[in-house]
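Here are a few friendly notes to read alongside the structure. Take them one at a time, and keep the view open as you go.

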Amino acid sequence: ARTAIEGGATVVQLRLKDASTEELIDRGAPFRLLSEQMNVTFVVNDDVQAALALLADGVHLGRDDEGMDLALEAGMLIGRSASTPEEASQAEEDGAEYIGAGPVWATPSKPDAGPPIGLEGLRAISDVVRIPVIAIGGIDPSNARDCIDAGAFGIAVVRAAAQAAELREAL
């Protein structure tokens with residue numbers, strides 16, 4: 001996370017898919033501190049209770065994750081995942097403030113991700129919502145600019161986080 005921030009990342013998302021809320025809180029505390037020290041947005045994936053306990057700036061909820069009402073009530077930044085324009089529109093209508101759109105390309109970081117939406121799918125999602133769209137899935141310095149050209153506001157990376165400076169230059 002530190003390497004990514006030093007390379008230009010503006011958001012850090014804590015994603016530990018099989019962790020309990022308690023484990024997320026324990027393991028997330030250093031990320032919260034780092035994000036605060038480095039003045040970047042801190043988001044917790046899938047778990048509103050952990051996000052609240054960590055005083056996170058926001059929470060990212062997948063299509064099937066619960067907690068949207070609690071996140072809205074708490075005034076948190078809320079992101080939602082979408083792989084179709086319809087899902088993105090519904091997420092915006094439900095109160096999401098950004099869309100994580102993808103996977104744009106196949107990615108080994110999330111083997112359970114659906115089929116890639118490609119740049120055309122990313123463009124279609126970007127065209128139907130007024131909130132920022134963040135492209136995710138298979139993104140690296142060689143294709144990051146293509147995502148922005150297709151209408152994404154920004155990109156999210158997992159494997160390429162250590163290449164944050166190269167990604168920033170590519171944009």
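Predicted model: local features only at pLDDT ≥ 70, side-chain atom pairs only at ≥ 80, totals over all residues.

1. Strand S6, residues 133-136, is joined to S7 by 3 bridges, and the two strands run parallel. For a spot to look at, find Ile136, which stands opposite Ala156 in S7.

2. Now step back to the whole sheet. It is an open sheet of 7 strands with parallel pairing, in the order S1-S2-S3-S4-S5-S6-S7. Strand S1 (11-14) and strand S7 (154-156) stand at the edges with a single partner strand each, so one side of each has no neighbour in the sheet. On average, neighbouring strands here are turned by 30 degrees against each other, direction ignored.

3. Helix H6, residues 118-128, lies across strand S4 (77-82), strand S5 (98-101) and S6. Relative to S6, helix H6 runs at about 165 degrees.

4. Finally, have a look at Arg32, which lies in helix H2 (residues 21-38). Is Arg32 buried or exposed? Its relative accessibility is 18%, and because buried means under 20%, Arg32 counts as buried.

5. What does Arg32 touch, leaving aside residues up to four places away in sequence? The answer is Phe42, Leu54, Leu55, Ala56 and Asp57.

Note on methods:
Residues numbered from 1 in each chain as written. Heavy atoms only, no water. Pairing = 2+ DSSP bridges. Helix = DSSP H or I, 4+ residues; strand = E, 2+ residues; numbered from the N terminus. Axes fitted to C-alpha atoms, helices over the stretch in contact; angles between N-to-C directions. Contact = heavy atoms within 4.5 Å. Buried < 20%, exposed > 50% of the residue type's maximum accessible area, 1.4 Å probe, protein only.
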